[in-house]
Amino acid sequence: MEWNELLNLMRTRNAKPERSLYEHSSGTRKRAEYILDRIPHPRELDECILLHVFLHDLGKLDDRFQEKLNGNRKKAPPHAFLGVELASRFLPCEEPYLSIALLSILTHHSDLHESLYSKEIDSNEKLIVNGKEISSPAELVLELRENAIDIDVFTEEHGLSPGEIRALYTLFNGLLRVSDWLESANLPAESYYLSSGSSARRAVLEYLSRRGFKPRDYQLYVLGKGGGYFRLPTGDGKTETSLLATPEGATKVIYSLPTITTTEMMRRRFEAIFGREMVSFSHGLLFLSLYRRGELDSKLIHRYAMKPVFVSTIDQILLAFLNYPRFPIREFALRGAHWIIDEIHAYTPYTLSLILQAIGYAVKYLGTRVTVMSATLPGPLREELERLGLGELLPFSKVKERYSSRKRVKVGIRDEGLLEGLDEVSREKGKVLVVVNTVSRARAIYEELKERRDDVYLFHSRFINRDKRKKMKLVEEMESGILVATQVVEVSLDIDYDVLYTEVAPVDALIQRFGRVNRRGQRSGRAYVFQPEGKRPYLPYDRKSFEESLALLGELENIGNELDLLRVNDAFYERIWDRYEAEIIKPKLETGSLMRLKKAEKILKTRDTFMNLPAIPKPFLNRAIELATNWEELTEEEKLRATIFVIEHTVNVPIWILESHKHFNEDLYDRFGVFGVELEYREDVGLVE
């Protein structure tokens with residue numbers, strides 16, 4: 001078949017109802033051309049990349065696909081399989097780029113795995129046009145699949161590292177998938193990227209102006225200079241500073257946070273800064289969030305960062321490097337982007353090691369500019385960031401005075417347990433924050449205080465999803481009273497209380513808790529640290545971190561300003577950094593592979609913390625089981641409401657609690673992936689153990 005013959009055939013066959021294959025392919029290529037022009041990549045590959053985009057759907061020429069499109073057939077062989085050999089005849093690419101382009105076409109709907117298209121290979125499916133076999137792709141597909149699974153084939157023959165091969169594959173495949181989605185949704189390529197880095201900076205400056213603020217000297221200093229790392233005191237505008245650092249050539253702003261709660265809060269803030277139409281977001285409860293917003297049909301747009309600004313939990317980024325399904329699209333979003341990582345100190349050694357490895361890959365292979373920030377970025381972590389190529393973005397000399405001039409809290413160390421100080425807590429005025437280390441102790445303290453006052457509230461991780469939203473609103477808007485909470489209030493929340501009562505915790509966690517008091521530095525704040533209680537008082541932290549923190553408590557009581565807090569925090573990390581080093585040196589990411597890895601989500605959920613599993617508490621269990629059992633009888637609208645009911649009434653339960661109270665229902669687990677837990681539930685205290 002000659003080129004002109006192929007083009008004419010593409011004009012006569014449809015890719016979608018009332019849209020020819022030629023029109024769809026041309027529209028996809030046009031979007032790819034715009035996107036490709038914006039991102040760092042080898043420019044000599046442009047012709048190969050763009051032509052592979054144009055040829056990606058040649059399998060739709062097949063008679064059976066056309067019959068299916070016209071409603072005359074239920075199924076047709078996968079077009080990605082059928083068209084790849086025909087595409088190979090027209091691609092002017094040298095190896096290994098030809099193989100990568102063909103693999104990209106082959107996997108633009110289905111990720112690479114060991115049995116990809118085995119059925120079609122075994123049956124030797126052919127491309128049939130007008131009743132004539134014009135291509136036999138089985139042999140080529142088998143060769144492509146086997147070579148891609150064993151990535152050493154590429155590295156040995158072409159002198160490229162596994163990282164280079166992977167980055168090329170996600171360049172080809174990510175661009176193809178994104179351009180294909182945009183064309184199919186009739187969205188312009190411009191909707192995917194920032195118009196410029198200056199447009200992002202301008203939006204932030206206008207936002208500050210609307211709120212009556214002028215940019216501070218250190219914020220003007222970093223304009224357009226990201227990435228790197230910087231330290232800035234709590235409440236001094238770290239978020240706006242990091243956004244103002246967005247460099248001119250940045251394609252996107254990608255902002256990562258530790259928790260779903262903080263991501264939801266930041267999403268609202270970003271929508272106020274950039275406009276709702278510019279912001280996409282993602283986290284583990286995306287389906288529920290979009291349902292509440294009436295935007296379920298935009299799930300893919302949000303999950304895969306299809307807008308210029310993307311805010312998400314860190315796991316949504318790490319899934320790309322753990323080869324979670326559709327990982328090329330997730331990785332492609334980082335190419336040329338400004339990736340901002342908030343509160344990097346808040347992660348366990350295992351998770352931090354994943355983040356650091358991801359930073360190293362993104363900087364080296366994707367042209368990503370990474371900005372890391374924290375109020376308490378410890379010295380050993382700064383050294384690790386510098387090893388990865390991230391320098392000090394904002395010289396500490398420019399913000400040192402902001403630390404040294406502040407003492408937002410006066411710290412008092414008590415020789416008693418927190419339970420013994422509750423009479424004092426109950427007499428406090430204004431907004432009082434009580435933070436403890438475990439849910440069970442938080443519940444016990446809440447019950448004790450509730451007997452003394454009415455305006456006492458509880459917030460922890462074992463509330464069902466429906467009630468977590470209400471609790472977060474309370475935390476944000478509370479004007480007086482006592483909030484008893486666990487670590488859920490430590491990071492990224494813009495909340496401001498008058499006084500803190502807390503149990504001993506690792507030094508970095510205590511400093512974060514101090515940051516929830518007198519946040520603006522406009523009054524005199526107080527923080528009281530009480531002694532640990534229980535047989536294993538260090539839980540849920542590791543023993544060494546806890547014991548080293550106990551040894552440093554006296555220094556916290558003697559701090560003269562927040563610069564002293566940084567000094568104590570650095571001393572703490574120097575003592576425990578060996579735990580981090582042991583994890584950092586272990587390779588964990590899948591950046592040397594092109595295959596999908598379904599267990600990625602499980603890896604991120606379990607990590608090195610206590611394992612939690614989703615479960616439905618007793619009061620809602622019968623209804624959830626009924627919905628799961630009768631699923632096939634429900635209408636589509638009823639299925640949607642059933643799904644929302646289950647998500648809203650799910651709580652994450654530690655595995656040791658679940659094992660003692662588990663109710664396993666096969667229908668419930670098969671349909672929704674959740675267990676039942678035979679424990680009561682109360683809206684004010686959460687799961688009752």
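Predicted model: local features only at pLDDT ≥ 70, side-chain atom pairs only at ≥ 80, totals over all residues.

User: How many disulfides does the count come to?

Analyst: One disulfide, taking a disulfide as a pair of cysteine sulfur atoms within 2.5 Å. Cys 48 is joined to Cys 93, with S to S at 2.0 Å. The torsion about their S-S bond is about 105 degrees, so the disulfide is right-handed.

User: Where do Cys 48 and Cys 93 lie?

Analyst: Cys 48 is in helix α3 (residues 46-54) and Cys 93 is in the loop between α5 and α6, so the pair ties together parts that are 45 residues apart in sequence. Helices (H or I, at least four residues) and strands (E, at least two) are DSSP runs, numbered from the N terminus.

User: Are Cys 48 and Cys 93 buried or exposed?

Analyst: Cys 48 and Cys 93 are both buried. Buried means under 20% relative accessible area, exposed over 50%, and partly exposed in between, with a 1.4 Å probe and protein chains only.

User: Switching to α8. Which of its residues are buried?

Analyst: In α8 the buried ones are Ala 138, Leu 140, Val 141, Leu 144, Arg 145 and Ala 148. They cover an arc of only 160 degrees around the axis, which puts them on the same side of α8; the arc is that of the directions from the helix axis to the C-beta atoms.

User: What covers the buried residues of α8?

Analyst: The cover includes α5 (79-88), α6 (97-106), α7 (118-123) and α9 (152-158).

User: Stay with α5. What does Phe 81 touch?

Analyst: Phe 81 sits in helix α5 and is buried, with a relative accessible area of 0%. Not counting residues up to four places away in sequence, Phe 81 touches Leu 106, Tyr 117, Glu 120, Ile 121, Glu 125, Pro 137, Ala 138 and Val 141; contact means heavy atoms within 4.5 Å.

User: Salt bridges next. How many are there in the whole structure?

Analyst: The search finds 53 salt bridges, each a side-chain nitrogen of Lys or Arg within 4 Å of a carboxyl oxygen of Asp or Glu. In one of them, Glu 183 pairs with Arg 19, the closest N and O atoms being 2.5 Å apart. This pair links distant parts of the chain, with Glu 183 in helix α10 and Arg 19 in strand β2 (residues 19-20), 164 residues apart. Glu 183 is buried at 5% relative accessible area, while Arg 19 counts as partly exposed at 29%.

User: What else involves α10?

Analyst: Asp 111 forms a salt bridge with Arg 177, with the closest N and O atoms 2.7 Å apart. Asp 111 lies in the loop between α6 and α7 and Arg 177 in helix α10, so the pair ties together parts that are 66 residues apart in sequence. Both Asp 111 and Arg 177 are buried.

User: Which residues are linked in a network of salt bridges?

Analyst: Glu 264, Arg 267, Glu 271, Arg 276, Arg 293 and Glu 295.

User: Last topic, the backbone. Where are the cis peptide bonds?

Analyst: One joins Glu 95 and Pro 96, with omega about 5 degrees; Pro 96 is in the loop between α5 and α6. The bond from Leu 539 to Pro 540 is also cis, with omega near 10 degrees, and Pro 540 is in the loop between β16 (525-531) and α26 (543-557).

User: What is phi for Tyr 117?

Analyst: Phi of Tyr 117 is near 60 degrees, a positive value in a residue other than glycine. Tyr 117 is in the loop between α6 and α7 and is buried, with a relative accessible area of 9%. Asn 130 has a positive phi too, near 55 degrees, but counts as exposed at 61% relative accessibility.

Terms used
Residues numbered from 1 in each chain as written. Heavy atoms only, no water.
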